[in-house]
Amino acid sequence: MVRNNLIKKGVVVAVILLLIGLSCIPIGITSKVAPIDDIQKEPLGLFGLKGHLKFDFNLDDFLEPIKPFGIYFFPFNVSYKVSGMFADIIIHIIERWGYIWKVYSNNIVDLSIKDVPECAEIQFPYGSRLHFDISTEWERSKENPFISITFLDPMTPAFEISYYKIVGVSDSVKGRFGFLTWIHGLESEEEFPLVPDYLPVIDVTPEGNYIEIPQGQMVEKNITMESLANGLTLVKSEVIDIPSPDWWVYIQPETVLDIGEVKKVSLFIMPPENFTGREQIIISFTPYYYYNPELHGDPQSEYFTVEVQP
């Protein structure tokens with residue numbers, strides 16, 4: 001046991017002496033040393049330590065459909081660790097004596113977002129810089145990162161999955177003067193899904209809400225329906241209120257509209273044969289997602305004033 005401790009201490013001392021020797025190289029001796037910029041592009045990597053990044057998130061949360069124009073927030077976790085020969089020993093050296101070479105036992109990862117679909121806006125509302133303790137075990141960031149997502153285009157097809165990426169970048173950990181690379185930098189990315197929800201919106205425009213009918217006659221009026229929804233829509237039309245059971249009022253009960261499609265339906269009204277005067281009729285129109293009737297909008301009611309003239 002004592003012998004093992006001595007060996008371990010000997011390795012630590014040898015590494016420290018090596019670091020001291022490297023840090024004491026005179027700056028003027030540059031004939032065999034590449035310029036600093038080149039070293040930063042291709043680090044010496046004396047210790048062979050490498051950083052790793054891991055994204056953790058609940059996929060079900062990110063597959064939850066997002067309604068257009070709403071702002072939604074999605075949390076996720078990011079963890080960081082290093083690996084390499086003598087990693088534990090080198091980290092111990094950094095913790096104990098790193099300040100001598102201006103090397104510290106924490107690291108910074110900057111997040112960014114790329115490949116964002118044109119229909120959406122994705123941001124880090126409260127910052128994208130994460131701080132980590134350097135360890136050979138996975139360490140979660142000191143922050144709790146999350147993103148905000150907004151669909152800008154209401155006509156983005158419902159439930160059509162697209163993807164974007166969150167990228168994490170960390171610079172190499174270097175010591176004094178930037179000559180010595182302790183830990184290699186990294187760039188890691190994770191793909192996340194983006195799912196638009198169904199937006200049940202229609203526009204209903206009657207030919208007119210005031211209808212004149214000669215006594216004992218039937219009238220036909222056109223009603224224009226336009227789909228402003230982002231998916232195949234079934235519009236259910238229903239006669240809500242008529243003056244009495246003697247009135248005959250009919251409208252096509254179901255109309256299917258594709259995205260942006262416009263259709264005309266007919267409303268038929270026939271008052272009782274001997275009636276004259278003025279009454280009101282109410283028709284409602286409700287949009288449903290064609291493939292799932294549980295997804296629907298609010299009913300839109302149209303009021304018609306009917307005047308029967310002798």
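Colleague: In β21, which residue is the bridge partner of Y289?

Modeller: This is a predicted model, in which local features need pLDDT of at least 70 and side-chain atom pairs count only at pLDDT 80 or more, while totals for chains, interfaces and linings use all residues. Residues are numbered from 1 along each chain as its sequence is written, and side-chain values use heavy atoms, with hydrogens and water left out. Strand β20 (residues 277-289) pairs with strand β21 (residues 292-296) in the antiparallel sense over two bridges, where pairing requires at least two DSSP bridges between the strands. Within β21, Y289 has as its bridge partner N292.

Colleague: Nice start! How many residues lie between β20 and β21 in their hairpin?

Modeller: The pairing of β20 and β21 is antiparallel. Together β20 and β21 make a hairpin, and the number of residues between them is two.

Colleague: And how many helices and strands are there in the protein?

Modeller: Elements are DSSP runs numbered from the N terminus, with helices (H or I) of at least four residues and strands (E) of at least two. By that rule the protein has four helices, and its strands number 22.

Colleague: What percentage of the 310 residues counts as buried?

Modeller: Buried means under 20% relative accessible area, exposed means over 50%, and partly exposed is in between (1.4 Å probe, protein chains only). With that cut-off, the buried share of the 310 residues is 38%.

Colleague: Which residue in β3 is the bridge partner of L53?

Modeller: Strands β1 (residues 49-56) and β3 (residues 77-83) run antiparallel and are joined by seven bridges. In β3, the bridge partner of L53 is Y80.

Colleague: I'm curious about S135. Which backbone nitrogen does the side chain of S135 reach at 3.0 Å?

Modeller: S135 sits in the loop between β6 (129-133) and β7. At 14% relative accessibility, S135 counts as buried, and S135 touches K81, V82 and I91 when residues up to four places away in sequence are left out, a contact being heavy atoms within 4.5 Å. At 3.0 Å, the side chain of S135 reaches the backbone nitrogen of E137.

Colleague: Now the charges. What is the N to O distance in the salt bridge of E189 and K114?

Modeller: A salt bridge here is a side-chain nitrogen of Lys or Arg within 4 Å of a carboxyl oxygen of Asp or Glu. The side chains of E189 and K114 meet in one; E189 lies in strand β12 (residues 186-194) and K114 in strand β4, so the pair ties together parts that are 75 residues apart in sequence. E189 is partly exposed at 36% relative accessible area, and K114 is partly exposed at 33%. From N to O, the distance is 2.9 Å.

Colleague: How far apart are the closest N and O atoms of K165 and E189?

Modeller: K165 forms a salt bridge with E189. This pair links distant parts of the chain, with K165 in strand β9 (residues 162-170) and E189 in strand β12, 24 residues apart. K165 counts as partly exposed, at 21% relative accessibility. The closest N and O atoms are separated by 3.2 Å.

Colleague: Which glutamate meets R278 in a salt bridge?

Modeller: R278 counts as exposed, at 53% relative accessibility. The side chain of R278 has a salt-bridge partner at 2.8 Å, N to O. That partner is E307.

Colleague: Where in the chain does D115, with its positive phi, lie?

Modeller: Most residues other than glycine have a negative phi. D115 is not a glycine, yet its phi is about 60°. At 47% relative accessibility, D115 counts as partly exposed. Its place is the loop between β4 (106-114) and β5 (120-123).

Colleague: One last one: is F69 buried or exposed?

Modeller: F69 lies in the loop between α3 (59-62) and β2 (71-75). Its phi is near 75°, a positive value in a residue other than glycine. With 53% relative accessibility, F69 counts as exposed.

Key:
Polar contact = N/O pair within 3.5 Å; in protein donor to acceptor, adjacent residues only side chain to side chain.
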